[in-house]
Amino acid sequence: MSGIVVVGAQWGDEGKGKLVDVFAEKADMVVRYQGGANAGHTLVVNGEKTVLHLVPSGILRPDTTCVIASGVVIDVFGIRDEINKLKKSNLLMNPRQLLISDTATIILPYHKALDAARENALSPEEKIGTTGKGIGPAYEDRASRRAVLFGDIFDQQTLKAKLELALTEKNHMLANFYKGPTFKVEDLMKDLLALAEELAPYRLKDCSLFISKSLKAGKRVMFEGAQGTMLDILHGTYPFVTSSSTLSSNACTSAGIGPTNISKVIGVFKAYTTRVGGGPFPTELNDEIGNKIQTDGHEFGSTTGRARRCGWLDLVALKYAIRVNGITNLAMMKLDVLTGHERIGVCTAYKLNGEILTDLPTSPYELEKVEPVIEWIPGWKEDLTKVKTLLDLPRPTTNFIDYVGSQLGTPIDVISVGPGREQTLWVKPLFNN
Ligand code: GDP
Ligand code: IMO
Ligand code: MG
């Protein structure tokens with residue numbers, strides 16, 4: 001059992017990309033398991049920044065194989081551009097370092113047009129604030145059995161038949177209901193057939209077989225989640241969620257392996273909370289403290305550039321994430337960003353209609369109304385970004401980590417104090433060997 005899942009424990013952008021890149025040093029394989037180019041995973045190595053949307057965050061390690069599993073929705077034009085960008089930086093020189101499952105769903109321009117049209121049609125209160133990357137419409141096609149799969153772009157006849165079926169319906173909806181742009185089968189066919197030649201070297205016909213064999217051979221496989229627990233389609237703050245299951249269990253479903261292959265689930269969280277887009281956010285700070293966190297943490301989206309909403313750490317939501325993902329170990333990211341606050345807030349419960357809640361309410365409408373109960377922890381002034389070991393952390397910082405760890409009842413194995421690969425304080429190694 002050498003499968004390890006890395007899952008976002010909040011509303012996304014927790015620092016999953018950085019963590020996966022750090023761990024990938026010891027991994028044979030990194031498998032991205034859901035979402036699409038709505039994700040933006042940032043890696044910083046020797047001061048150089050790489051933002052990945054679809055390519056797994058193990059790609060900067062030439063000996064680590066990266067797999068895009070069947071549960072991902074792939075913007076095929078987007079991934080071509082991402083691959084070319086990596087190649088320009090002398091990365092991904094061996095095409096077999098990146099393998100794309102033939103049975104993954106692809107995102108085409110009409111999915112993006114529908115995503116945008118649907119958002120435009122909503123009132124300001126109803127807007128989800130999607131990334132506009134076509135994620136919802138692509139997963140809808142998968143569920144309604146109309147999806148074009150990655151393998152289909154290599155089979156002209158199937159591709160044409162699927163596009164004809166899809167566009168008859170989509171063009172009707174786009175033109176008549178949304179008064180938006182329409183698409184032609186011939187144009188898409190032309191673009192996709194040219195693209196198929198470029199993407200052929202990355203084909204992985206049987207994702208499940210490949211990953212299963214690797215696990216059986218004792219390879220160390222990491223499964224990289226996108227988005228975060230609270231954006232999960234079933235267990236997130238519905239309808240203000242993404243359209244896939246972001247939870248650790250989906251790593252198995254997407255890759256086509258059984259849960260007995262997973263030995264650890266690492267929950268990644270920021271030492272505070274952020275959220276992009278609409279929806280409830282109990283600890284949100286609409287004041288200068290929130291602005292300070294946003295500025296100090298550079299909290300602007302890696303995919304859309306939108307400002308991220310900021311607030312204190314929410315232990316009620318984190319405990320929920322630990323429960324629904326079966327998180328065994330935690331990684332606390334962006335601790336350095338909390339420098340310079342006299343006191344740091346941590347939400348330990350919610351108040352709703354005079355009642356104290358310690359479990360997350362399942363109704364998003366109730367979650368919208370809760371008031372956070374805040375415990376105050378003394379802050380610190382020291383810059384943490386140059387700290388090399390846990391022993392060098394200021395006493396109040398250690399107290400903060402200990403407080404959070406004891407409240408969560410789950411070990412915090414990694415502390416991150418900056419975006420760089422080297423700005424990582426290890427508490428425990430990830431892999432046993
Ligand atoms: P992801 O989507 O979970 O991979 O996270 P993003 O890459 O979207 O957002 C995290 C941002 O925080 C990126 O800009 C990272 O470079 C940065 N980051 C990650 N860890 C740390 C940290 O410990 N401290 C600071 N200051 N920045 C970090
Ligand atoms: P990473 O992997 C943060 C949010 C959007 C919106 C909602 C639905 O970088 O953590 P979608 O385009 O998926 O239909 O949008 O989900 N969202 C994210 N927020 N990080 C992400 O990914 C996100 N991917 C989607 O802002 O509220
Ligand atoms: Mg991100």
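**Cavity, pocket and ligands**

Analyst: I'll start with the largest cavity: its lining has five nonpolar, one polar and three charged residues. Keep in mind that this is a predicted model.

User: How much space lies in that largest cavity?
Analyst: About 40 Å³.

User: And how many cavities of 30 Å³ or more are there?
Analyst: The count is one.

User: Which residues line the largest cavity?
Analyst: The lining is made by Lys264, Ile266, Asn329, Leu330, Asp413, Val414, Lys428, Pro429 and Leu430.

User: Which strands supply at least two residues each?
Analyst: Strand E11 (262–270), strand E15 (329–333) and strand E19 (412–416) do.

User: How many residues line the largest pocket, and which lie nearest its centre?
Analyst: The lining has 39 residues. Nearest the centre are Ile128, Thr130, Thr131, Val241 and Thr242.

User: Which domains does the lining draw on?
Analyst: Domain 1 (2–99 + 205–426) and domain 2 (106–203) each provide at least three residues of the lining.

User: What's the split by class in the pocket lining?
Analyst: There are 17 polar, 13 nonpolar and nine charged residues.

User: Let's move to the ligands. Which residues come nearest to ligand 2?
Analyst: Asp13, Lys16, His41, Thr131 and Thr242, out of 20 residues around ligand 2. Thr131 and Thr242 are also among the residues nearest the centre of the largest pocket.

User: What polar contacts does ligand 2 have to backbone atoms?
Analyst: I can give you two. A polar backbone atom of Asp13 is 2.7 Å from an oxygen of ligand 2. For Val276, a backbone N or O atom lies 3.1 Å from a ligand 2 oxygen.

User: What about the side chain of arginine 306?
Analyst: A polar side-chain atom of Arg306 lies 2.9 Å from an oxygen atom of ligand 2.

User: How much of ligand 2 does the protein cover?
Analyst: Ligand 2 has 560 Å² of accessible area on its own, and the protein covers 98% of that.

User: Now ligand 1. Which residues come nearest there?
Analyst: Of 19 residues around ligand 1, the nearest are Lys16, Gly40, Thr42, Asp336 and Ser416. Lys16 is also on the list of residues nearest ligand 2.

User: Where does aspartate 13 come in for ligand 1?
Analyst: Through its side chain: an N or O atom there is 2.9 Å from an oxygen of ligand 1. With ligand 2, Asp13 pairs through a polar backbone atom.

User: What distances do you have for glycine 15 and threonine 42?
Analyst: A polar backbone atom of Gly15 is 2.8 Å from an oxygen of ligand 1. A side-chain N or O atom of Thr42 is 2.7 Å from a ligand 1 oxygen.

User: Which elements give two or more residues to the shell around ligand 1?
Analyst: Helix H1 (16–23) and strand E3 (41–45). H1 gives the most, three residues. By class, the shell has eight polar, seven charged and four nonpolar residues.

User: Last topic, backbone geometry. Which residues does the cis peptide bond join?
Analyst: Tyr238 and Pro239, with omega about 10 degrees. Pro239 sits in the loop between strand E10 (221–224) and helix H8 (249–255). Most peptide bonds are trans.

User: And what is phi at asparagine 46?
Analyst: Near 50 degrees, a positive value in a residue other than glycine. Asn46 is in the loop between E3 and strand E4 (48–52). Most residues other than glycine have a negative phi.

Note on methods. Residues numbered from 1 in each chain as written. Chains lettered and ligands numbered in written order. Predicted model: local features only at pLDDT ≥ 70, side-chain atom pairs only at ≥ 80, totals over all residues. Heavy atoms only, no water. 1 Å grid on protein atoms, 1.4 Å probe; cavity = no way out; pocket = protein on both sides within 12 Å on 5 of 7 lines; lining within 4 Å. Nonpolar A, V, L, I, M, F, W, Y, C, P; charged D, E, K, R; others polar. Domains from an automatic or database assignment. Near = heavy atom within 4 Å. Polar contact = N/O pair within 3.5 Å; in protein donor to acceptor, adjacent residues only side chain to side chain. Areas by Shrake-Rupley, 256 points an atom, 1.4 Å probe, with all protein chains shown as cover. Helix = DSSP H or I, 4+ residues; strand = E, 2+ residues; numbered from the N terminus. Points joined across faces, edges and corners; volume = space filled by probe spheres on them.
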